[in-house]
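Subject: Structure for you to look at

Hello,

Here is the structure I promised to pass on. Please open it first, then read my notes below.

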Amino acid sequence: MSDLTSPPVRDSAGAPSAVVSVRPVVLAAPGRGTDLQVRVSAPASGERLPVVVLSHGFSSSMDGYAPLADHWAAHGFVVVQPTHLDSRTLALPAGDPRTPHIWRLRVEDLTRVLDGLEALEAALPGLGGRVDRDRVAVAGHSWGAQTASMLLGARVLDDAGEPGEDLTDPRVRAGVLLALTGLGDSLTPFAAEHFPFMRPSFAGLTAPALFVAGDKDQSALSTRGPDWFTDAYAYSPGPKSLLTLYGAEHSLGGVTGWGVTETTDENPARVALLQRMTTAYLRSALDPADTAWPAAVQALADGPEPLGELSSKE
């Protein structure tokens, strides 16, 4: 059964629109073992709406990341959130034969969403004819960032250290990658054994991207410090920006949800900054005539007590 809602928006900057969401929209997924459940959110008004496909982190679902999903939708984006097979809502047994391949199935989930945009558009009353399918971005947090990065050109190294399958999707024009894990040469023994897909190559990540990292994000999967989460920025050749958030841990102040238990560094001001910066980036990345991003960059630099710093390379 579909669930139509108008979720609250916490940050009113930029004259937000009312938001309408529908969930679950089910896309047939032959070979996946479980059909793909998706949440679609969009502003109640507006035309030529760009699309953001948001990939959740480990164990979350289409219902997570409200601080970002609701904000983006309220500021003019159609936000599409698939539930990946690792979601706790699906309770996949650890011994399920699909488990070693979930990283790859996650990427297929995003591709399936792009293939099914027409059906997803039709599922939300009033959305038909208002979507600009030529302006598509991907976003993700943690494992979701790795998933989204694959559509932007990142690849997984095989046992011989060679880049594996190229899963780049030309329909995707830009990305927002939050707390994206780094190179595989510093994985802990546990991570190297259990997560062999965490050996990325960023050499092919040529699409425009905004990377976000916390300077207190210490991962148990790497022997390095928080700079591990800046590897994609350092080693990808495309036009890119890196927003480093001061004092932020892996949840970046609370992007996974309002008051969720996994947030260890809850900081509403930090989340509000992320809302503003990511929205501005997406607007300008999908419309070169839009000046939201330069304005947001200047506002960050002019702030009396900045919550982070920005680096950029063209």
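A residue counts as buried when its relative accessible area is under 20%. Tyr233 has a relative accessible area of 8%, so Tyr233 is buried. Keep in mind that this is a predicted model.

**Aromatic rings**

The structure holds 8 aromatic pairs. A pair of rings is described by the distance of the centres and the angle of the planes.

Start with Trp103 and Phe197. Their ring centres are 6.3 Å apart and their planes lie at 15°, so this pair is stacked. The pair links distant parts of the chain, 94 residues apart. Trp103 belongs to helix H2 (residues 102-115). Phe197 sits in the loop between helix H5 (189-194) and strand S8 (200-201). Phe197 is buried, at a relative accessible area of 10%.

Now go to Phe211 and Tyr233. Here the centres are 6.4 Å apart and the planes are at 70°, so the pair is edge-to-face. Phe211 is in strand S9 (residues 209-214), while Tyr233 is in helix H6 (residues 231-235). The pair therefore ties together parts that are 22 residues apart in sequence. Phe211 is buried too, with a relative accessible area of 2%.

There is also an aromatic cluster, formed by Phe58, Trp103, Trp143, Phe190, Phe195 and Phe197.

**Charges over rings**

Which ring does the charged end of Arg106 sit over? It is the ring of Trp143, with the charged end 4.4 Å from the ring centre. Likewise, the charged end of Lys240 sits over the ring of Tyr233, 5.3 Å from its centre.

**Nonpolar cores**

In soluble globular proteins, nonpolar side chains tend to be buried together. The largest nonpolar core in this model has 55 residues. Phe211 is among those with the most contacts inside that core, and so are Val38, Val51 and Leu120. Apart from this core lies another, of 33 residues, including Leu245, Ala248, Leu252 and Ala292.

Look at Val51 as an example. Beyond its neighbours within four places in sequence, Val51 is in contact with residues including Val78, Leu117, Arg135 and Leu286.

**Two helices**

Last, find helix H7 (residues 268-286) and helix H8 (residues 292-302). Their axes come within 7 Å and cross at roughly 150°. That makes H7 roughly antiparallel to H8. On the H7 side, the contact is made by Leu273, Met277, Ala280, Tyr281, Arg283 and Ser284. On the H8 side, the residues are Ala292, Trp293, Pro294, Ala296, Val297 and Leu300.

Best wishes

Terms used:
Residues are numbered from 1 along each chain as its sequence is written. This is a predicted model: local features need pLDDT of at least 70, side-chain atom pairs count only at pLDDT 80 or more; totals for chains, interfaces and linings use all residues. Side-chain values use heavy atoms; hydrogens and water are left out. A nonpolar core is a set of buried Ala, Val, Leu, Ile, Met, Phe, Trp, Tyr and Cys residues joined through side-chain atoms within 4.5 Å. Buried means under 20% relative accessible area, exposed over 50%, partly exposed in between (1.4 Å probe, protein chains only). Contact means heavy atoms within 4.5 Å. Rings of Phe, Tyr and Trp (its six-membered ring) pair if their centres lie within 6.5 Å; planes under 30 degrees apart count as stacked, over 60 as edge-to-face and the rest as tilted. Helices (H or I, at least four residues) and strands (E, at least two) are DSSP runs, numbered from the N terminus. A charge sits over a ring if NZ of Lys or CZ of Arg is within 6 Å of the ring centre and within 35 degrees of the ring normal. Axes are lines fitted to C-alpha atoms, for helices over the stretch in contact, and angles run from 0 to 180 degrees between N-to-C directions. Angles under 35 degrees count as roughly parallel, over 145 as roughly antiparallel, 65 to 115 as roughly perpendicular and the rest as oblique.
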